[in-house]
Structure formats: C-alpha cells, structure tokens
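Please open the structure in a viewer and follow the stops below in order. Each stop gives a selection and then describes what is found there.

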Amino acid sequence: MEKFIVNATFVMAPDCEGSFLDWMKTEAFPSLFARSSLAENPRLQTVIEIGGEKPGPDHGLSIALQADFPSLQSAHEWNDNVLPDLLAEFHKKFGPHALFFVTILKSTTLD
C-alpha cells in the first residue's frame, strides 16, 4: 500500500531545543492534529549527524515533524491548508535566525 509522508524540517539554534519541544508538545501538535484527521502517525525526528558530523554550537539544530497520509491528495491538502499556520507561528517564535523546509515523500518498497 502506498503511503505519503509530509516532512517539515525546522532548523534553529541548538539552545532553542527545549522551548521548541515545549511549543511542539503544548501548542503545535494539538493544533495540527486536532484540525485534521488526514494525518496519521505524527512524530518528531532529531538529526543527530549530517555527513558524519554531529550538530553542535556552530551548527543549527534540525528537528523534523513527519506525518503519514494515505494519498498524495490528502498530503497536499494538509500541507496547503493546515501546515502554513504552524510554519508562520514557528517563524514568529523562533525567527529570524531559524528556518524550515517542507518535503512530501512517497514510501517506496523494493518488492
């Protein structure tokens, strides 16, 4: 069965991790996933290495928010109608020295 994943990666100063995770837990996750039943299996993934190099004070902290969707249409709908409010709020709270990028992935099997 095909599945699609919306991946929003947030990049910020390492010292923002605690406040970012608190915001995700208390505001962002409840808002995102209460507004739409399209998303399944929401999760956060923290980047621990990039090309063999560990993030540190000289590098931004990257945390990815991911959710699964049963169709490309539902992934686009969530990306276009639900996610923009979160992205704007992230920029307000953590900008201007923080950024994000969004990708839509298709789960691929080697069957």
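Begin by selecting helix H1 (residues 17–34) together with helix H3 (residues 83–94): their axes come within 11 Å and cross at roughly 155 degrees. The model is a predicted one. Angles over 145 degrees count as roughly antiparallel, and H1 and H3 are therefore roughly antiparallel to each other. The crossing in which H1 passes H3 is right-handed.

Next, display the side chains at this contact. On H1, select Ser 19, Phe 20, Trp 23, Met 24, Glu 27, Ala 28 and Leu 32; on H3, select Leu 83, Leu 86, Glu 89, Phe 90, Lys 93 and Phe 94. Sorted by class, the residues in the contact of H1 with H3 comprise nine nonpolar, one polar and three charged.

Now move to strand E2 (residues 40–46) and select Arg 43, which lies in it. Is Arg 43 buried or exposed? Its relative accessibility is 18%, and because buried means under 20%, Arg 43 counts as buried.

Finally, select Ala 64 in strand E3 (residues 61–69). Ala 64 is buried, at a relative accessible area of 7%. Which residues does Ala 64 contact, apart from neighbours within four places in sequence? They are Asn 7, Ala 8, Thr 9, Arg 43, Leu 44 and Gln 45. For Ala 8 and Ala 64, the C-alpha to C-alpha distance is 5.5 Å, with the two 56 residues apart in sequence.

Definitions and conventions
Residues numbered from 1 in each chain as written. Predicted model: local features only at pLDDT ≥ 70, side-chain atom pairs only at ≥ 80, totals over all residues. Heavy atoms only, no water. Axes fitted to C-alpha atoms, helices over the stretch in contact; angles between N-to-C directions. Helix = DSSP H or I, 4+ residues; strand = E, 2+ residues; numbered from the N terminus. Parallel < 35°, antiparallel > 145°, perpendicular 65-115°, else oblique. Left-handed = near helix turned anticlockwise from the far one by under 90°. Contact = heavy atoms within 4.5 Å. Nonpolar A, V, L, I, M, F, W, Y, C, P; charged D, E, K, R; others polar. Buried < 20%, exposed > 50% of the residue type's maximum accessible area, 1.4 Å probe, protein only.
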